[in-house]
Amino acid sequence: MTGQQRRLSVHRTVPTGVEHLPMRPLWLCRRCGQPWPCGAAKVALVAEYRDAPVSLFLYLAGCLHDAIDDLHRLNPSVTGSAADMFDRFLGWPARHTHAYRVSTTTAVRSQEASS
Ligand SMILES: [Zn+2]
């Protein structure tokens, strides 16, 4: 019996455990309908990429690229400013993951080995 189930990792870009997934091309949460990433998605993503914050940025950068592409194709006026889109996808993890900051010594001081 060759019952070895080989799973093709087609959905590799979608992290496991994240149920609040983006509904393309609208980029709204499939579950709660908010602009993705919604609050629940952010929590799940931070947990998923806890040990690899840079990978989280890379993943979100890819999402940002796709979202701009999708939204612009749907309605060029919806895309709004690039700064807003950037903050929506990449601004929040920069505020959550201190590993990406380099020279904010005062901000890091408050969280000394709390885990
Ligand atoms: Zn959601």
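1. Let me start with Val43, which sits in helix α1, covering residues 39–48. This is a predicted model, so read what follows as a description of a prediction. Val43 counts as partly exposed because it has 14 C-beta neighbours inside 10 Å, and a residue needs 20 or more to be called buried. In sequence, Val43 and Pro93 are 50 residues apart, yet their C-alpha atoms are 10.0 Å apart in space.

2. Pro93 deserves a look of its own. Pro93 belongs to helix α3, and it is buried, with 20 other C-beta atoms within 10 Å. Which residues does Pro93 touch, leaving aside its neighbours within four places in sequence? Its contacts are Pro53, Leu56, Phe57 and Leu60. Leu56 and Leu60 are also among the buried residues of α2.

3. Another α3 residue to check is Asp87; the helix runs over residues 82–96. Is Asp87 buried or partly exposed? It is partly exposed, because 13 other C-beta atoms lie within 10 Å of its own, and the exposed class ends at 12 or fewer. The C-alpha atoms of Asp87 and Leu64 are separated by 9.8 Å, with the two residues 23 apart along the chain.

4. Now helix α2, residues 53–74. It has 22 residues and spans 31 Å from its first C-alpha to its last, close to the 32 Å expected at 1.5 Å a residue. Its buried residues are Leu56, Leu60, Cys63 and Ala67. Seen down the axis of α2, these fall within an arc of 60°, so they line one face of the helix.

5. What makes up the largest nonpolar core? There are 10 residues in it: Trp27, Cys29, Trp36, Ala41, Leu45, Leu56, Leu60, Cys63, Ala67 and Phe89. As background, nonpolar side chains tend to be buried together in soluble globular proteins. Across the protein, buried residues make up 12% of the 115 residues.

6. The loops hold some backbone features to inspect by eye. Arg24 and Pro25 are joined by a cis peptide bond, with omega about 5°, and Pro25 is in the loop between β1 (22–23) and β2 (28–29). That loop also contains Trp27, which has a positive phi of about 60° although it is not a glycine. Trp27 is buried, with 22 other C-beta atoms within 10 Å, and it is one of the core residues. A cis peptide bond also joins Trp36 and Pro37, with omega about 0°; Pro37 lies in the loop between β2 and α1.

7. On the overall layout, the protein has four helices and two strands, and along the sequence they follow the pattern β-β-α-α-α-α.

8. Last, confidence. The mean pLDDT of the protein is 76, and 64% of its residues reach 70 or more. Where is confidence lowest, and where is it highest? Helix α4 (residues 105–108) is lowest, at a mean of 44, while β2 is highest, at 96. Over residues 1–12, pLDDT stays under 50, and the model has zero contacts there beyond four places in sequence. Over residues 102–115, pLDDT again stays under 50, with three contacts beyond four places in sequence. Where pLDDT is low, the predicted coordinates should not be read in detail.

Key. Residues numbered from 1 in each chain as written. Predicted model: local features only at pLDDT ≥ 70, side-chain atom pairs only at ≥ 80, totals over all residues. Expected span 1.5 Å × (residues − 1). Arc of directions from axis to C-beta. Core = buried A, V, L, I, M, F, W, Y, C linked by C-beta atoms within 7 Å. pLDDT = per-residue confidence, 0-100. Contact = placed C-beta atoms within 7 Å.
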